[in-house]
Amino acid sequence: MLMMHIHEALEELPPCPPPAFPLLARAAWDRPREEKAAAASTPGRPQSTPGANGAAPEKAPPPPTLYVQLHGETTRRLEADEKPLQIQNDYLFQLGFGELWRVQEEGMDSEIGCLIRFYAGKPHSTRSSERIQLSGMYNVRKGKMQLPVNRWTRRQVILCGTCLIVSSVKDSWTGKMHVLPLIGGKVEEVKKHQHCLAFSSSGPQSQTYYICFDTFTEYLRWLRQVSKVASQRISSVDLSCCSLEHLPANLFYSQDLTHLNLKQNFLRQNPCLPTARGLSELQRFTKLKSLNLSNNHLGEFPLAVCSIPTLTELNVSCNALRAVPAAVGVMHNLQTFLLDGNFLQALPPELENMHQLSYLGLSFNEFTDIPKVLEKLTAVDKLCMSGNCMETLRLQALRKMPHIKHVDLRLNIIRRLIADEVDFLQHVTQLDLRDNKLGDLDAMIFNNIEVLHCERNQLVTLNVCGYFLKALYASSNELVQLDVYPVPNYLSYMDVSRNCLENVPEWVCESRKLEVLDISHNQICELPARLFCNGGLRKLLAGHNELTRLPERLERTSVEVLDIQHNQLLELPPNLLIKADSLRFLNASANKLETLPPATLSEETNSILQELYLTNNSLTDKCVPLLTGHPHLKILHMAYNRLQSFPASKMAKLEELEEIDISGNKLKAIPTTIMNCRHVHTVIAHSNCIEVFPEVMQLPEIKCVDLSCNELSEVTLPENLPPKLQELDLTGNPRLALDHKTLELLNNIRCFKIDQPSAGDTSGAPAVWSHGYTEASGVKNKLCVAALSVNNFCDNREALFGVFDGDRNVEVPYLLQCTMSDILAEELQKTKAEEEYMVNTFIVMQRKLGTAGQKLGGAAVLCHIKHDPMDPGGSFTLTSANVGKCQTVLCRNGKPLPLSRSYVMSCEEELKRIKRHKAIITEVRRAWVSSGRGGGVRAETSKLPDQWLHKATALSAGVDLTCRVGWQLSSRCQAVPAAGSPLYSGTGLELAVAAPGAAAGTIGRRRPNGSVAPQERSHNVIEVAAEAPLRRPGGYFAAPAQPDPEDQFIIPPELEEEVKEMMKQQPRPPGPADQLADCCDTPL
């Protein structure tokens, strides 16, 4: 049962209920406390004091107010009818725990404070309090330092808003206050006095105050804060995310305030305390122009803002508003009015009096139609109504709004457009209908359309007027027919990828200004003959189609990027590399090429090709000499072809080469002339027949060398290792034997991998599951991914595999790697319901992350394979769970079977959840959610994993665990036949698992796992408010300010050695400094 600790000052409260009390009885116990607290605060009610012996009764101090904090964010005061235990129980139930006993057990854990925490009294946060105001008693001197008249006196000094406030009475906050405006002023160090600063206002009547601080810490704090204020060009104050319940009294000394940011607080129009200043006091700022009150969960519109005549910008988004009062019509100067993320269904007609209103945000509300009052707001040129409840778009309503040029109706549920005898809508130039339910779209009525967005609908046909069309975005539909009439002479960008198109319209060749054409992931068999003759075309993305040949007419082609991967090409046009002299990127991977076209017909070449991707073709040694026609080549991928040799003379000519991947061939050596390629930083040559260690260790820029799965018998090293070397992989070389001196030298590499003796398996049982990895560069070429592989999980034939992706932080993946298997093993013993153990594992892991999980997130996927203990000879059960952008795919008979769903915004269930919590999804599909009264919902990481159970009779196929993949399901299955070899590269890590009898890969090293922190069986639900926990930079239990894989971590003692070893072993393939944005998929 939960135990509660109350501060000693609460002597009048009854003792805490004993642990034997039922949970519901504990919740009911909160009521007497609140009643007595109310009685203590009621004026005029006598208070008895035990043991007073007839003396005048002393009034007992009121109990401290209770506060709740979720995820380490802002703290909220509990209302009188709210009970801490009930809040905690509801929170844990909503988190995903399904049974009451489990909620009780989790509530007793001391680590629960990183998720939900209660305080008796408001916790003090130094960072927030500094932003609200700085104050103290210091020695102050006014005027010039040279004048002997002015002497030092002890005064109260306050920095609040944009003003420095100095009391006129010694040791007092009362009396007249001297106010020094700081905007445009300056703060200077006074070297003649220790810890002294000079504060000066601006203007011809400038005044100066000299203040001596008691400590160097205070001196720096004031210098930092005042410097920010003085450097501002406008009079603005930012008090967002400060847990404010009322406005600071000293803020009203800043009468020149023009911009005030109060978002994400808990402000009320009329606070409970009689001396507190609520939103009704805002009208005292007579110069205020911009006011941000978003994310305060006001519930009702703050009427006081209507009395600020100077206001030009007002943001009341995400406040659970259900109505806008008619009084807003008096704000005649308002130009920007943000009402997004509320529950509005209508607008008052008085809104038409806002004649200067130019932007009205109505996104993510409950509107079912376009409000009629918009017809009168003639200065508004953009209709912002994304994320509402519109099922039908009546074009007649738009016809009555000729001032609207940009229509944003994303993320509604629009199924059809009703014309209502409307001929043309000439005023609409941009139309955004993304993420709706449209089955067909006839946009010919928008005859002046310039930009059309209709991605992620269910479109089968699309008709667009092409007179002024500049950009067309129609990806992820079911298009079989696309008509644009007349020929769009201004079209520069067209994306119709991920559809069902079987051909490219001929009018595309006539669109002379077309620069980017994306037709990937369709069913196109042939490209128009004159497509490459379009002189404006710069980028053509035609991968993942059914092309068997390319057009041979290449006159006047200006193509710079050509992506034709995953097609059925047997050859490339013979003059492609000669005519396309602007080509700098070519990806022809995953085709059936046996030869390459020449780059020149003479010794001189004009090729500027820099990146060439030819992985997974049938190229032979005859193609290698043709590579010398590209002297500027920087990246060369020829993995999984039929190469048997790479002539030394040809390698020597690739002097600008930086990265080479020749894995999966039959090479016996890497030529020594690679020494001529002085810029090479990555050499990947695994899965060959290489017998002699290449001379790559002599390259000055080398960072990554992968020679795994070869026939190496020895390693030749220079006296000193290359200074930039980060990774060396020598696993899968059975004849390789290294002496102690060589091993000692190689162990200095951050990520050095070599096979361990088989005796290293502590379980003693033979591994029945084989697995392999494929990896690729992550964000900024830093792979923040960790993998978990336990072949003999729980000392039997079970297996556990996982992939953890931290996006930009490496801390969370490594912590998950260290602890996830232990937590799963505990849940197998603890969870009573078979279908909940994997879900509970993820939820408990969130608690284990501590404060690191409050700001740093990640994606995770787990795959547990186990036997039925009652049927040892029967089939295996595969249980998969995932959270974030990752997925488990079963590959069988060459076809992919998704075992889990990826909870991203394209998932309808996830989208409904996000909209239900009033998240605002931006146009780049990133969600942010208001904190509200409960601290908010994290749209990125709060979705709990679903659990999928699959029975497999033999499980002879492979299981593919992928994070942030760069390819589609149609190609994932191809990675299974060679599970131990990295066939594919994406923006993450892929782990392939094969059952007994499947193709065996390189068996990964078994890593022990530890616990994160010692367990405590109970803790205090309510803590005495003191200094709020701060997020220290670095450390597993503190989110770093700038999460970077190079950061140094503070690691728990019990994990220190293990994590250090893992971080050394974890592969982190480097790449070019800047990833070009030209690839639709990461190259193979």
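User: What should I know about the model itself?

Analyst: This is a predicted model, in which local features need pLDDT of at least 70 and side-chain atom pairs count only at pLDDT 80 or more, while totals for chains, interfaces and linings use all residues. Residues are numbered from 1 along each chain as its sequence is written, and side-chain values use heavy atoms, leaving out hydrogens and water.

User: How confident is the predictor, going by the average pLDDT of the protein?

Analyst: pLDDT is the predictor's confidence in each residue, from 0 to 100. The protein averages 78, and 75% of the residues score at least 70. Over residues 1-54 the pLDDT is below 50, and beyond near neighbours in sequence this stretch has 73 contacts in the model (contact means heavy atoms within 4.5 Å). Residues 929-957 are also below 50, with 100 such contacts. Where pLDDT is low, the predicted coordinates should not be read in detail.

User: Back to α12: what makes it "mostly covered"?

Analyst: Of its 12 residues, 11 are buried.

User: How do you know that the length of α12 agrees with what a helix should span?

Analyst: The expected span is 1.5 Å times one less than the number of residues. For the 12 residues of α12 (837-848) that gives 16 Å, and the end C-alpha atoms are 16 Å apart, so the two agree. Helix α6 (residues 216-230) passes too: its 15 residues should span 21 Å, and its end C-alpha atoms are 21 Å apart. Among the buried residues of α6 are Tyr 219, Trp 222 and Leu 223.

User: Why is His 195 counted as buried?

Analyst: Its relative accessibility is 19%, so His 195 falls within the buried class. This residue sits in the loop between β8 and β9, and its phi is near 55 degrees, a positive value in a residue other than glycine.

User: And what makes Asp 435 buried or exposed?

Analyst: Asp 435 has a relative accessible area of 12%, therefore it is buried. You will find Asp 435 in the loop between β21 and β22, with a positive phi of about 55 degrees although it is not a glycine. Most residues other than glycine have a negative phi, and most peptide bonds are trans. The bond from Tyr 485 to Pro 486 is cis, with omega near -10 degrees. Pro 486 belongs to the loop between β26 and β27.

User: How do you know that β6 and β7 pair?

Analyst: Two strands pair if DSSP finds at least two bridges between them. Strands β6 and β7 share five bridges, in the antiparallel sense, and Cys 163 stands opposite Pro 181 in β7. Both strands belong to an open sheet of seven, ordered β7-β6-β5-β4-β10-β9-β8.

User: What makes β7 and β8 the edge strands?

Analyst: Each of them pairs on one side only.

User: Why is β44 called largely enclosed?

Analyst: Six of its seven residues are buried, so β44 (residues 886-892) is largely enclosed by the rest of the structure. Strand β44 pairs with β45 over four antiparallel bridges, and Val 889 has Pro 898 as its bridge partner there.

User: What makes β43 covered on both faces?

Analyst: Phe 876, Leu 878, Ser 880 and Asn 882 on one side and Thr 877, Thr 879, Ala 881 and Val 883 on the other are all buried. Strand β43 also pairs with β42 over eight antiparallel bridges, with His 867 bridged to Phe 876.

User: Which residues touch the most other members of the largest nonpolar core?

Analyst: A nonpolar core is a set of buried Ala, Val, Leu, Ile, Met, Phe, Trp, Tyr and Cys residues joined through side-chain atoms within 4.5 Å. Among the 163 residues of the largest one, Leu 282, Phe 337 and Leu 339 touch the most other members. Another core, of 40 residues, lies apart from it and includes Val 68, Ile 112, Met 838 and Leu 856.

Note on methods: Helices (H or I, at least four residues) and strands (E, at least two) are DSSP runs, numbered from the N terminus. Buried means under 20% relative accessible area, exposed over 50%, partly exposed in between (1.4 Å probe, protein chains only).
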